[in-house]
Amino acid sequence: MKLFSPFSLAIILISFGCSSTYSQEITIKNTLNIERIDELVCIPITKIDTRVLNKELTPIIYDNNSRAIPFQLEDINDDGEWDQLIFVTNFKPGEVKKIHYNVIEKSKTPSFQKATDIHFGVGNSRANISEVQYYNRINDPRLAPQKKIFQMEGPAWENDKVGFRMYFDPRNGIDIFGKTTSNLTLSTVGILGDYHTKESWGMDILKVGNSLGAGAIAIQLKDSLYRITGKNGAAFKVIEEGPIKASFEINYVNDKIHKIPIQTKHKVSIYKGQWYYKSEIYLSGITSEMKLVAGIANLKPNTMHIKKGEDNVSMYSFGKQSENGDHLGMALILNKDVYYTHGTIQKKETGITNTHYVVFNSENKIPLSYYFLSGWEASDSKFKSEEGFSKEIETILQKLANPIVVEYE
């Protein structure tokens with residue numbers, strides 16, 4: 001998936017009322033009786049009159065006040081052509097809105113403020129770290145004779161609410177950066193100072209240890225869990241970054257479970273205005289006895305619950321489990337159809353310990369997806385109580401089951 005619209009650090013609001021004689025009106029509806037902030041809207045290219053598009057033109061969307069709405073164009077199937085337009089907007093309970101799209105010359109496309117980011121800093125020392133868009137490794141990079149320095153031990157991703165990082169070594173855990181600012185900040189973290197101590201932007205709030213941390217993956221075979229390590233090869237690639245969404249993927253080569261080689265593709269996406277990231281997993285080589293697992297760290301006192309919504313299931317924990325000693329809620333959200341069971345592991349299982357986990361109905365070469373939600377009280381006061389975190393989960397379950405309805409004139 002590629003990002004086609006150019007973006008910079010400033011939102012430019014301009015009128016397009018006279019820029020083209022072509023315009024189409026689109027109706028977008030919030031069918032829920034709740035407020036929805038930064039709600040995602042997707043418009044496939046098949047719904048846009050492509051007769052007016054060519055290589056020199058691009059669509060632009062704007063509200064009834066002729067102000068451009070920040071958007072991204074996505075290439076979903078990686079064929080070099082964009083497939084859908086995405087944007088976010090706010091809705092009152094039950095609100096119906098009208099938006100318009102027009103076409104303009106690509107050279108006149110406005111710039112929008114970047115609200116999501118992927119950052120993987122690599123260098124020979126802390127003094128010469130630079131960002132990479134692609135990076136391959138084999139074995140354990142921490143033990144390499146000429147080992148590289150990873151700025152945050154691996155790739156990090158963030159939006160205006162929360163940040164995460166993934167250890168790009170055989171631990172393959174996921175950690176949380178709690179944020180107290182809406183600014184994108186992780187590109188500056190991990191070079192100087194200690195991100196385990198609270199700073200003006202926030203801090204690393206999760207102890208991961210040998211757990212699966214904040215939604216990392218493993219394979220269950222019979223009664224044991226096996227971590228996806230990438231010891232035989234792992235390749236990182238940025239897919240997109242922009243005002244609405246950022247995505248990357250990691251491909252793990254020949255992770256062997258009982259001598260059976262497993263190929264794993266893990267795509268991670270984060271969206272503007274949300275407290276979660278989305279994982280999409282593709283497994284090749286698994287047997288009928290193997291199932292995907294995703295987990296939540298269980299290293300500090302917490303309560304664990306299962307909550308079922310209209311179409312989705314969530315497993316969540318809550319307690320004073322942040323590294324700052326205050327309240328932190330963590331949740332895994334998945335579709336009911338792929339939920340198999342859940343459990344908690346304390347004893348050592350091939351290196352995985354202290355983890356609440358969900359088991360998925362898994363099939364070879366059938367994609368699976370889930371969301372990981374983080375709610376830290378220093379980021380938002382609603383997460384000071386388990387009731388507030390549980391309410392946020394309920395709202396997300398409702399939204400996922402009832403996406404914004406788009407009607408075309």
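## Basis

Local features need pLDDT of at least 70 in this predicted model and side-chain atom pairs count only at pLDDT 80 or more, whereas totals for chains, interfaces and linings use all residues. Residues are numbered from 1 along each chain as its sequence is written, and side-chain values use heavy atoms, with hydrogens and water left out.

Strand β16 covers residues 214-221, and eight of its eight residues are buried, so the strand is largely enclosed by the rest of the structure; buried means under 20% relative accessible area with a 1.4 Å probe, protein chains only. Strands are DSSP runs of E with at least two residues, helices are runs of H or I with at least four, and both are numbered from the N terminus.

Strands pair if DSSP finds at least two bridges between them. Strand β22 (residues 290-297) runs antiparallel to β16 and is joined to it by six bridges, with Ala 214 opposite Ile 296. Strand β17 (residues 224-227) is also paired with β16 in the antiparallel sense, over four bridges, and here Ile 219 stands opposite Tyr 226. Two residues lie between β16 and β17 in their hairpin, where Lys 222 in the turn has a positive phi of about 60°.

## The largest pocket

The lining of the largest pocket comprises 37 residues, among which Glu 39, Leu 40, Gln 274, Tyr 276 and Lys 399 lie nearest its centre. Elements giving two or more residues to this lining are β2 (36-44), β5 (84-91), β21 (276-284) and α1 (386-401). A pocket is an open set of points on a 1 Å grid over the protein atoms alone, where a 1.4 Å probe fits, with protein on both sides within 12 Å along at least five of seven lines, and lining residues have an atom within 4 Å of a point.

How values were computed. Buried < 20%, exposed > 50% of the residue type's maximum accessible area, 1.4 Å probe, protein only.
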